[in-house]
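Please view the sequence and the structure together while reading.

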Amino acid sequence: MTRWSLARALAVFVKEFQQMLRDRLTFAMAVAIPVAQLVLFGYAINTDPKDLPTAVVAADSGPLVRSVVSALGTSGYFRIVASGIGEAQADELMARGEVQFIVVVPPRFERALLRGERPALYLAADATDPVAAGNALAAVGTIATRALAPDLRGPLRALQAGAAPFEVRVHRRYNPEGLSRYNIVPGLIGTILTMTMVMLTGLAMTRERERGTMENLLATPVRPIEVMAGKIAPYVVLGYVQLAVVLLASWALFDVPMVGSFALLMAVIGGFIVANLAVGFTFSTLARNQLQAMQMTFFFFLPSMLLSGFMFPFAGLPGWAQALGELLPLTHFLRVVRGVMLKGAGWAEVWPDLWPLLLFTAVVSAAAIARYRQTLD
């Protein structure tokens, strides 16, 4: 046997390099995925969200009350989006996910404060995502201590001594103990379905193309929409099997509550499964082999994980990242599944996130059918 030859090894290297450059999609993915990771982790991820939407229910409106509310707004954590409303309206806003906090100022708050009685200011927090509310709640104590410092002058200076002139009583709604599993386990339903549904469907079509069985399918009178429905249907069943496993584990192992309608949850999950299967079908019409289908799946799954609010608080993302996240089905699905399971949300509460999910499904399905017709030609 001849000795190792650098020339022969170099020839093989040149051949492989040329073949890699011919596979433009794979080469582009190899460059795009690291760039996407750098951008998302470097610029988009923030575990300390600020400007969280807050509603104020004030039964007292004296100057000291206005100072307290102003101090909350200037703290950087709370952004007052609704004021002068009743508790029922504020509760509806929180149920729909439009506000993260509700500040309730009780009657005669300022009168009790001036008397040195240390009245209570009530702060309700949407604790379905404990991480998003954690730092803001930790800052409340400092705000209570410093909020009235500029106003407690002259005869009111005595109120500055000792403890804060008022106390803040925090009520963590939907997750009183602040358990992270109440947030993570429902989110796992969406992430598991996203990964498996997109990948399995994408591989199914490309596998037939690689094995040469696609020609047999094209020789039949089956229409593109019928092919798509037939390919998707078995994976819808598989998706519900995965769902059953996750739900049983969430109840048996993690004691995650199910407050809302189980039928509503099943209907929404069905729509979410179809949305991801449509994405996988679209990828299968673009990919020439299973490797490319896998790469496309990962490229779709990465922003879905990072920009949907599953791993990091959605409110902590910059504006451009939130805009991208709103385009992803997982973002809306997480809001719906957490709303139904933890808040008991109904159709009215989930509709603002349900219609974008349905629209996404319709658009991607139309693109998949159009692209499949092109492959027939």
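Which residues lie nearest the centre of the largest pocket?

## Basis of the report

The structure is a predicted model, in which local features need pLDDT of at least 70 and side-chain atom pairs count only at pLDDT 80 or more, while totals for chains, interfaces and linings use all residues. Residues are numbered from 1 along each chain as its sequence is written, and side-chain values use heavy atoms, with hydrogens and water left out.

## The largest pocket

Gly97, Gln100, Asp126, Phe314 and Arg335 lie nearest the centre of the largest pocket, which has a lining of 34 residues. A pocket is an open set of points, on a 1 Å grid over the protein atoms alone, where a 1.4 Å probe fits, with protein on both sides within 12 Å along at least five of seven lines; lining residues have an atom within 4 Å of a point. The space in this pocket is about 790 Å³, a volume being the space filled by probe spheres set on the points.

By class, the lining comprises 13 charged residues (Asp, Glu, Lys and Arg), 12 nonpolar residues (Ala, Val, Leu, Ile, Met, Phe, Trp, Tyr, Cys and Pro) and 9 polar residues (the others, Gly among them). At least two lining residues come from each of α12 (319-326), α13 (329-343) and α14 (347-376). Helices here are DSSP runs of H or I with at least four residues, numbered from the N terminus. The helix that gives the most to the lining is α13, with 7 residues.

## Helix α13

Just after α13, glycine 344 has a positive phi of about 75°.

## Helix α7 and alanine 204

Helix α7 covers residues 181-211 and includes alanine 204. Alanine 204 counts as buried because its relative accessibility is 6%. Its C-alpha atom is separated by 9.9 Å from that of isoleucine 232, 28 residues apart along the chain.

A kink of about 30° in α7 is centred on leucine 188; the bend is the angle between axes fitted to the seven residues ending at a residue and the seven starting there.

## The largest nonpolar core

The largest nonpolar core has 67 residues, and Ile189, Ile269 and Phe333 have the most contacts inside it. Such a core is a set of buried Ala, Val, Leu, Ile, Met, Phe, Trp, Tyr and Cys residues joined through side-chain atoms within 4.5 Å. Helices supplying at least two residues each include α7, α10 (262-286) and α13. The largest share of this core, 13 residues, is from α10.

Terms used: Buried < 20%, exposed > 50% of the residue type's maximum accessible area, 1.4 Å probe, protein only.
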